[in-house]
Amino acid sequence: MSIYRVNLKVGINVRNNLSIKSNRSKLKLDYIYREGKYKDKDPCILKYQPNFDKLNYDSKEFFKQSENKNIVAANHTPYKEFKITLPIEFSDEKNIELAKKISDELLGENTLFCTALHRGTTGDNPHLHIMFS
């Protein structure tokens, strides 16, 4: 039997907390896409960013700029992230279809978002990350 979980995380505004390293948003995107220093973690089986692709925007640059102290408001949140557990009983193909549907339904075509799907380190924890700003 599947156990469902939805979690919403909010990125920290580095403008108001200078003790925190900047570029956390880009590192978060690297983490969910399993790129850079995270490439050896459990694999990412879906990278989905339809609105970035449609507009020909670079998602990494977008999230990097979301922390630019010169262009964002003092109360700006650089990113938000949904983490959603998916049914373990579903195949990868079915979970990919579900991940795309959930992302599109939650954020639609007017929000820039990135979705990543993982199985977890042991392969029995399918979950998706949806990062948006």
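This report walks through the sheet, the cores, the charged pairs and some single residues of one structure.

The model is predicted.

## The sheet

Five strands form an open sheet. Their order is S1-S3-S5-S4-S2, and the pairing is antiparallel. Strand S1 (6–10) and S2 are the edge strands, since each pairs on one side only. On average, neighbouring strands of this sheet are turned by 15 degrees against each other, direction ignored. Strands of a sheet pair through backbone hydrogen bonds, either parallel or antiparallel.

One pairing can be followed down to a residue. S2 and S4 pair in the antiparallel sense over four bridges. Cys44 stands opposite His118 in S4.

## Helix H1 on the sheet

Helix H1 covers residues 24–33. It lies across S1, S2, S3, S4 and S5. To S4, helix H1 runs at about 35 degrees.

Which residues of H1 are buried? They are Ser25, Lys28, Leu29, Asp30, Ile32 and Tyr33. What covers the buried residues of H1? The cover includes S1, S2, S3, S4 and S5, together with helix H3 (59–65).

The largest nonpolar core has twelve residues. They are Leu46, Tyr48, Phe82, Ile84, Leu86, Ala99, Leu107, Phe113, Leu117, Leu128, Ile130 and Phe132. Several elements give two or more residues to this core: strand S2 (44–48), strand S3 (80–85), helix H4 (92–107), strand S4 (113–118) and strand S5 (127–132). S5 supplies the largest share of this core, three residues.

A second, separate core has eleven residues. Among them are Tyr33, Phe63, Tyr79 and Met131. Tyr33 is also one of the buried residues of H1.

Leu117 belongs to the largest core. What does Leu117 touch, leaving aside its neighbours within four places in sequence? Its contacts are Pro43, Cys44, Ile45, Leu46, Leu86, Asn95, Ile96, His127 and Leu128.

## Charged pairs

Side chains of opposite charge can pair when their charged atoms come close. The structure holds seven salt bridges.

| Pair | N to O distance | Relative accessible area |
|---|---|---|
| Glu81 and Lys28 | 3.1 Å | Glu81 2%, Lys28 11% |
| Arg34 and Asp42 | 2.8 Å | Arg34 8%, Asp42 10% |
| Arg119 and Asp92 | 2.2 Å | Arg119 31%, Asp92 25% |

The side chains of Glu81 and Lys28 meet in a salt bridge. This pair links distant parts of the chain. Glu81 sits in strand S3 and Lys28 in helix H1, 53 residues apart. Glu81 is buried. Lys28 is buried as well.

Arg34 forms a salt bridge with Asp42. Arg34 is buried, and so is Asp42.

Arg119 forms a salt bridge with Asp92. Here too the pair links distant parts of the chain. Arg119 lies in the loop between S4 and S5, and Asp92 lies in helix H4, 27 residues away.

Some charged residues form a group. Salt bridges that share partners join Lys26, Asp30, Glu35, Lys47 and Lys60 into one network. One member, Asp30, is among the buried residues of H1.

## Cysteines

A disulfide is a covalent bond between the sulfur atoms of two cysteines. How many disulfides are counted here? The count comes to zero. Cys44 is buried, at 19% relative accessible area; it falls in that class because the limit is under 20%. Cys114 also counts as buried, at 0% relative accessibility.

## Positive phi

Most residues other than glycine have a negative phi, and most peptide bonds are trans. Two residues here have a positive value. Phi of Arg34 is near 55 degrees, and Arg34 is not a glycine. Arg34 follows H1 and lies in the loop between H1 and S2.

Asn56 has a positive phi of about 60 degrees, and Asn56 is not a glycine either. Its place is the loop between helix H2 (50–55) and H3. Buried or exposed? Arg34 counts as buried, at 8% relative accessibility, whereas Asn56 is exposed, at 70% relative accessible area.

Note on methods
Residues are numbered from 1 along each chain as its sequence is written. This is a predicted model: local features need pLDDT of at least 70, side-chain atom pairs count only at pLDDT 80 or more; totals for chains, interfaces and linings use all residues. Side-chain values use heavy atoms; hydrogens and water are left out. A nonpolar core is a set of buried Ala, Val, Leu, Ile, Met, Phe, Trp, Tyr and Cys residues joined through side-chain atoms within 4.5 Å. Buried means under 20% relative accessible area, exposed over 50%, partly exposed in between (1.4 Å probe, protein chains only). Contact means heavy atoms within 4.5 Å. Two strands pair if DSSP finds at least two bridges between them. Axes are lines fitted to C-alpha atoms, for helices over the stretch in contact, and angles run from 0 to 180 degrees between N-to-C directions. A salt bridge is a side-chain nitrogen of Lys or Arg within 4 Å of a carboxyl oxygen of Asp or Glu. A disulfide is a pair of cysteine sulfur atoms within 2.5 Å.
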